[in-house]
Amino acid sequence: MIRKRSITVAAFVWTVVLACKAAALDVIVISDLNGSYGSVKYDARIEKAIKRIIEIDPDLVISTGDMVAGQRIPNLSDKQVREMWKAFHMAVSDPLEAAGIPFAVTPGNHDASAYRGFERERKIYAEEWGPRKPNVNFLMSDDYPFFYAFEMQGITFASLDATTLGPLSGDQPDQLVQLGAGGDPIVTFSHLPLWPFAIQREREIIGDPTLERIYLQSGVVLHLSGHHHAFYPGWKDGVAYVSQACLGGGPRRLIGDRARSPHSFTHVTFQPNGEFGIAVYRGPDFERSVDFKSLPKEIRSPNAVLKRLDLVK
């Protein structure tokens, strides 16, 4: 049995209305671990990051997509795709499973693109994760590992199937409304963000005002996203929107910033008193937390202004 290591998460604390819990809930978020198209090798920083995460021993690890490097024309063979997943499981899934840490994933465009032409990769994604269902209290699982939801310590977590630009497909919005009827706070996680964060990815978003209204009506308090390869803790109209940095290739610059976001993973701690804290640990050792004051005070785009969380009163 692994003992929890004492750590300090003091980068930011945000008050939300949460159900009473007996203990804090620690969640680590990783994103965009893939390298070049078809690659079956992972940078050494991935091993370091996973070892550090196992030291922290969170209650849950979430991946916001792009774990392997598919979505290539001409298509990769089934064998190539399977080899990529084998390498990912060896580097990430298997160590987390051995440590007894539940691992919840959501599809990325390079994992399981819903665009035409990548149906086989999407099918393989489902086959790879079907036997690796995390040991959590599922609320909705018919469409696992795409759209699904589970509960931990009074918080509902929902994976959104968001690998294509624009509004969510199918009945996902209706299912979110159904989840909101339960009254628990909701944390959503998806590959694409609702709003833009990074330069040259301004249009690669969900960008759906209807989904935002559903968030406000259903009790969504936090949306975790990937794809933009840059960390930013944002806030808009009562919902926190946190973009993850990448652990793999291609760090990007935030809108309004000059420096590329360092490789890192995010640590979210939900406290029993109804607060949650956010910290982000950067490579190469993943011991140092990024100072929020080094980030832009806000991220502006045509349809949204995201304020930095620590500046929200």
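Guide: Rings of Phe, Tyr and Trp count as a pair if their centres lie within 6.5 Å. This model is predicted, and the structure holds 22 aromatic pairs.

Visitor: Why is the pair of W85 and W129 called edge-to-face?

Guide: Planes over 60 degrees apart count as edge-to-face. The planes of W85 and W129 stand at 90°, with the ring centres 5.8 Å apart, so the pair is edge-to-face.

Visitor: What makes W85 and W129 a tie between parts of the chain?

Guide: W85 lies in helix α2, residues 78-98, and W129 in helix α4, residues 119-129. The pair therefore ties together parts that are 44 residues apart in sequence. Both W85 and W129 are buried.

Visitor: What kind of pair do F88 and F103 form?

Guide: A stacked one. Their centres are 6.4 Å apart, and the angle between the planes is 25°. The cut-off for stacked is under 30 degrees. This pair also links distant parts of the chain: F88 is in helix α2 and F103 in strand β4, 15 residues apart. Both F88 and F103 are buried.

Visitor: Which residues form one aromatic cluster?

Guide: F138, Y144, Y148, F150, F157, F189, F270 and F276.

Visitor: Now to the surface. Which residues gather in a patch of negative charge?

Guide: D142, D143, D171 and D174 do. D171 sits in the loop between β7 (155-159) and α5 (172-180).

Visitor: Why is D171 called partly exposed?

Guide: Buried means under 20% relative accessible area, and exposed means over 50%. D171 has 44%, so it is partly exposed.

Methods:
Residues are numbered from 1 along each chain as its sequence is written. This is a predicted model: local features need pLDDT of at least 70, side-chain atom pairs count only at pLDDT 80 or more; totals for chains, interfaces and linings use all residues. Side-chain values use heavy atoms; hydrogens and water are left out. Patches are made of residues with over 30% relative accessible area and no salt bridge: like charges are joined within 9 Å, nonpolar side chains (Val, Leu, Ile, Met, Phe, Trp, Tyr) within 5 Å. Accessible areas come from the Shrake-Rupley method with a 1.4 Å probe; for residues, only the protein chains shown count as cover. A salt bridge is a side-chain nitrogen of Lys or Arg within 4 Å of a carboxyl oxygen of Asp or Glu. Lys and Arg count as positive and Asp and Glu as negative; His and the chain ends are not counted. The place of a charge is taken as NZ of Lys, CZ of Arg, CG of Asp or CD of Glu. Helices (H or I, at least four residues) and strands (E, at least two) are DSSP runs, numbered from the N terminus. Buried means under 20% relative accessible area, exposed over 50%, partly exposed in between (1.4 Å probe, protein chains only). Rings of Phe, Tyr and Trp (its six-membered ring) pair if their centres lie within 6.5 Å; planes under 30 degrees apart count as stacked, over 60 as edge-to-face and the rest as tilted.
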